[in-house]
Amino acid sequence: MEKGIADILARAEERSEALDERDLARLVALAPGSDEEAALFAAAYRVKCRMVGRRVSIRGLIEAGNVCAKDCLYCGIRRSNTRLERYSLGADEIVALARRAKGFGYASVVIQSGEIESEAHTAFIEDVLRRISPLDLGVTLSLGEQSEQTYRRWKEAGASRYLLRIETSSPALYARIHPAGHSWRRRRDCIAALGRCGYQVGTGVMCGLPGQTAEDLARDIVFYRDIGAHMIGMGPWLPHHDAPLKREEGGKGLGDPLALGLRMIAATRLFLHDANIAAATALQALAQDGREKGVLAGANVIMPNITDTRYRRAYQLYDGKPCLGENAELCRQCLDRRLEAIGEKILYNERGDSLRFAASRN
Ligand code: SAH
Ligand code: SF4
């Protein structure tokens, strides 16, 4: 193995935040299938095991609706996509799903949907949160950009975590994958506002975007630290047949998107030892065992879908979404088996809060 890489890995494993942007870019750009890449995954997995053991935290994912005011060029449920039936779960349905999660021993849920900014929607989510709160679950919201006031109201109503990916830390690349009126600066300000409101803050990016470089991705990892993120959710960008963003002709970019997503997870684990890092569902879209690979590259959170199967087709952000026809019970059994096969255990009945969040409070 190349000595330079061995040195970087040794430094990274010893101490959190030891690497600089150049080191991170070298890790992200390692050749798929190389000895160096295998060593990167192994080092990141050792750090993951040192921090949280051979254990994975679970969040039951509730896809609460596909109505969205935004028009992100990569996304299958963007406002301009008219070839889609729109749905919004009612409060009773969301509460029932949260109960189902509790019944499975999932001590946390994520409520995710398209972005809606209105008083009616803010009040609706508040009501849902108040009704869920007796279940004593960890509740993560992923409902897009909102005013700080709205974030505060939802926090007071019982949400403790919020996921808002920056998508890319490069304002120029962000502008290329969004239409006019979508502001990188506002998104960044929203993430900062979530921190001020006292949430466990989650962010992340898509990997393998057209024109994205290893240096961009290295800066993304440094951005996670600088914005004060406690949780990271990253995955490969995957094209959607009805979305305008397509793979560039002949452009291979950083190569195989699955391997790239895994190298990003590993490099992030080596930089932020105590963050919660999710193995995104998009990994599973590329390989059946994509999430397990994510865990073996340093992730410690998995978010199995618990939404009713009849809605899943209408919530396709990208082509190839897995488990469209598998109900929550099947997903649970499958996940149990898959994690057991790699010697990992699901942390049932534990919320699995971010250690980085706890450390930031001390
Ligand atoms: N509307 C909210 C939450 C739902 S979208 C929001 O945008 O924050 C959640 C995430 O899905 C986005 O942050 C984006 O990173 C991801 N996503 C959307 N389209 C995707 C695609 N084509 N490939 C991979 N990830 C995608
Ligand atoms: Fe809407 Fe989120 Fe899709 Fe953008 S990524 S179009 S905000 S659902």
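How many nonpolar, polar and charged residues does the shell around ligand 1 have? By class, 10 are nonpolar, 5 polar and 3 charged. Here Ala, Val, Leu, Ile, Met, Phe, Trp, Tyr, Cys and Pro count as nonpolar, Asp, Glu, Lys and Arg as charged, and the others, Gly among them, as polar.

Some ground rules. This is a predicted model, in which local features need pLDDT of at least 70, side-chain atom pairs count only at pLDDT 80 or more, and totals for chains, interfaces and linings use all residues. Residues are numbered from 1 along each chain as its sequence is written, chains are lettered from A and ligands numbered from 1 in the order in which they are written, and side-chain values use heavy atoms, with hydrogens and water left out.

Stay with ligand 1. There are 18 residues around it, and Y74, R165, E167, R187 and L238 come nearest. A residue is near a molecule or strand if one of its heavy atoms lies within 4 Å of it.

Now the polar contacts. A polar contact is a pair of N or O atoms within 3.5 Å; within protein, one must be able to donate a hydrogen and the other to accept it, and residues adjacent in sequence count only if both atoms are side-chain atoms. R187 places a polar side-chain atom 3.0 Å from an oxygen atom of ligand 1. S113 has a polar backbone atom 3.1 Å from a nitrogen atom of the ligand. For L238, a polar backbone atom is 2.7 Å from a ligand nitrogen. Taken alone, ligand 1 exposes 530 Å², and the protein buries 92% of that. Those areas come from the Shrake-Rupley method with a 1.4 Å probe; for residues, only the protein chains shown count as cover.

On to ligand 2. Around it are C68, K70, C72, Y74, C75, I77, R78 and G114. That shell divides into 5 nonpolar, 1 polar and 2 charged residues.

Most residues other than glycine have a negative phi. E167 sits in the loop between strand 5 (161-163) and helix 7 (171-176). Helices (H or I, at least four residues) and strands (E, at least two) are DSSP runs, numbered from the N terminus. E167 counts as buried because its relative accessibility is 9%. Buried means under 20% relative accessible area, exposed over 50%, partly exposed in between (1.4 Å probe, protein chains only).

N349 also has a positive phi, about 55°, and is not a glycine. Its loop runs between strand 11 (345-346) and helix 15 (355-361). Is N349 buried or exposed? Exposed, at 60% relative accessible area.

Next, Q316. Find it in the loop between helix 13 (309-312) and helix 14 (328-341). Q316 is buried, at 19%. Its side chain reaches the backbone oxygen of R313 at 3.4 Å. Leaving aside neighbours within four places in sequence, Q316 is in contact (heavy atoms within 4.5 Å) with G76, I77, H240, K321 and L324.

Last, cysteines. A disulfide is a pair of cysteine sulfur atoms within 2.5 Å. The count comes to 0 disulfides. For C323, the nearest cysteine sulfur, that of C331, is 4.2 Å away. C323 is buried at 18%, and C334 is buried at 13%.
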